[in-house]
Amino acid sequence: MSGTIVDEVMFLLDSFFLGAVITCVYDGFLILRRLIKHNMLFISLEDLIFWVVCAIGVFYVLYEENDGILRWFAVVGASLGMLAYKKTLSPLVIRAVSKALKVISRCVLAVIRFILAPFAFLRRKAGAGGRGLIRRGGRFVNYMKKKLTACRKVLNIILCKR
């Protein structure tokens, strides 16, 4: 085979793998969305940023590999790469990584709860007494505020007379 044909086939394979990588990265966003609920605004912003970055990546590959010339077999190769990854590996990756991250997050939360358990115990023991203390503290603050305001008014009257 001639060198030109080999270069074209390599470019087709690069396009295929680029499509698979783009879909794999998007799966990362899907996994993140499974773990942390997003509203439509954040989903739209994520998608916009993702596709802008992908467009820059595709342009870079086209510029480096093919001197910036868009060829249909490159688009077909990227589309086939996306489709192949989406139909074969994507469901497995999303399911496995989501489950693994959920298990890890549960373990981290269990450790945090264990560390914070003494503080929760103290809070429960303080119970109504703690709330009463806060209430008394609030009353004291109001009392002091009234006294200081009265002192300020008296001081202001004295200073204004002289």
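Angles over 145 degrees count as roughly antiparallel, under 35 as roughly parallel, 65 to 115 as roughly perpendicular and the rest as oblique. This is a predicted model, in which local features need pLDDT of at least 70, side-chain atom pairs count only at pLDDT 80 or more, and totals for chains, interfaces and linings use all residues. Residues are numbered from 1 along each chain as its sequence is written, and side-chain values use heavy atoms, leaving out hydrogens and water.

Helices here are DSSP runs (H or I, at least four residues), numbered from the N terminus. Start with H1 and H2, which pack at an angle of about 165°, their axes 11 Å apart; axes are lines fitted to C-alpha atoms over the stretch in contact, and angles run from 0 to 180 degrees between N-to-C directions. H1 and H2 are therefore roughly antiparallel to each other. The contact (heavy atoms within 4.5 Å) includes Phe11, Leu18 and Phe29 of H1, and Phe50, Trp51 and Val58 of H2. Its residues divide into 14 nonpolar, one polar and five charged. For these classes, Ala, Val, Leu, Ile, Met, Phe, Trp, Tyr, Cys and Pro count as nonpolar, Asp, Glu, Lys and Arg as charged, and the others, Gly among them, as polar.

Now look at the other partner of H1. Helix H1 (residues 3-35) and helix H3 (residues 72-88) pack at about 45°, with axes 7 Å apart, so they are oblique to each other. Among the residues that meet are Gly19, Ala20 and Thr23 in H1, and Ala74, Gly77 and Gly81 in H3. This contact divides into 14 nonpolar, five polar and three charged residues.

Of the 15 lining residues, Leu18, Ile22, Val58, Ala74 and Ala78 lie nearest the centre. By class, the lining has 14 nonpolar, one polar and no charged residues.

Notes. Helices (H or I, at least four residues) and strands (E, at least two) are DSSP runs, numbered from the N terminus. On a 1 Å grid over the protein atoms alone, a cavity is a set of points where a 1.4 Å probe fits but cannot get out, and a pocket is an open set with protein on both sides within 12 Å along at least five of seven lines; lining residues have an atom within 4 Å of a point.
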